Amino acid sequence: MTLTPLTRRRLAAFRANRRGYWSLWIFAVLFLFCLTAEFWANDRPLLVWYDGRPFFPIFVDYAETTFGGDFATPADYRDPFVAKSIDEHGWMIWPPVHFDYKTINLAPPSAVDWLGTDDDGHDVLARLIYGLRVSILFGLLLTAISSAIGVAAGAVQGYFGGLTDLSFQRLLEVWNGLPQLYVLMFVASVLVPGFWPLLGVLALFSWVSLVPLVRAEFLRARNFDYVRAARALGMRDRRIILRHVLPNALVATFTYLPFITSGSITALTALDFLGLGLPPGSASLGDLLRQGKENLQAPWLGITGFVVLAVTLSLLVFIGEAARDAFDPRKTRL
């Protein structure tokens, strides 16, 4: 794939911002690490070798009878009887953390529980790994949905102008005038808690921040000569928007996306902290912060949750700053 000179200059400007460039790599590695959370924190072994045969409990549920037990229920590999039977007939390879976010094991920080357990007996490190995955996936999905709605609304508003623009502006003024936090708290308390309902609720408001940016780009581009020429040739409005105006508007939009993602993660954490987010027992950074506030005698709860959240948001902000520099025409001109 051949890159245009402008694209090469933008990539060079992005790399020149060393803090943002390395933040992107760190965030990518962190995201990949969280996506494969089951391989790092799990109460099932990665591999069991029993009677000369390999078993993969991380992918398949095996009955206890498979490993010499008496019951057809799923095997508990932390059970002394099952573990002893496997040790006598083979061996096991465990993840670095022998617990997932639902495993009960009351203990303070130790060589086994690196960050201890929360007040429900769940391993803190496992909950951090799984909770960070949920937060990042939620932030990315909400960013994608918000971007699609915000870009579409801003494009229609800016391209057609006139009464369409005026009507949209009045609608946005009314929508922005709503007390968003109270509306979110009310809707989240009425709906059944869950990842997707919460995503839909937050998407109701998160798209608004992109509309003024896209609208301004379309208002500027709609009077360009090539857009007027396309109209004079009878080209359909949809084609003009998608092929000629939208690519230019997306340049400014792209620099804003990391900040939307960080805001989405913050919103999810805040709702979880208030008890209005994900269902009880879910892996959540906000729930861990709430437990830290309620259990000051266990400082590792609040400190670890705060550090993970602060590092994640800082990385996204640094990436956004580097992207802004990369698309700054003053830094990418010939």
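A: Phe-39, Trp-40, Phe-56, Phe-59 and Val-60 make a nonpolar surface patch of about 490 Å². A patch takes residues with over 30% relative accessible area and no salt bridge; nonpolar side chains (Val, Leu, Ile, Met, Phe, Trp, Tyr) are joined within 5 Å, like charges within 9 Å. Areas come from the Shrake-Rupley method with a 1.4 Å probe. One member, Phe-56, sits in the loop between strand S2 (53-55) and helix H3 (80-89). Helices (at least four residues) and strands (at least two) are DSSP runs, numbered from the N terminus. Phe-56 is partly exposed, at 39% relative accessible area. Buried means under 20%, exposed over 50%, partly exposed in between.

This is a predicted model: local features need pLDDT of at least 70, and side-chain atom pairs count only at pLDDT 80 or more. Residues are numbered from 1 along each chain, and side-chain values use heavy atoms.

Now the salt bridges. The whole structure has 9. Each puts a side-chain nitrogen of Lys or Arg within 4 Å of a carboxyl oxygen of Asp or Glu. Arg-127 and Asp-287 form one at 3.3 Å, N to O. Arg-127 lies in helix H4 and Asp-287 in helix H12, so the pair ties together parts 160 residues apart in sequence. Both residues are buried.

Another bridge joins Glu-217 and Arg-220, with the closest N and O atoms 2.7 Å apart. These two are 3 residues apart in helix H8, about one helical turn. Glu-217 is buried at 17% relative accessibility, whereas Arg-220 is partly exposed at 45%.

Key: Buried < 20%, exposed > 50% of the residue type's maximum accessible area, 1.4 Å probe, protein only.
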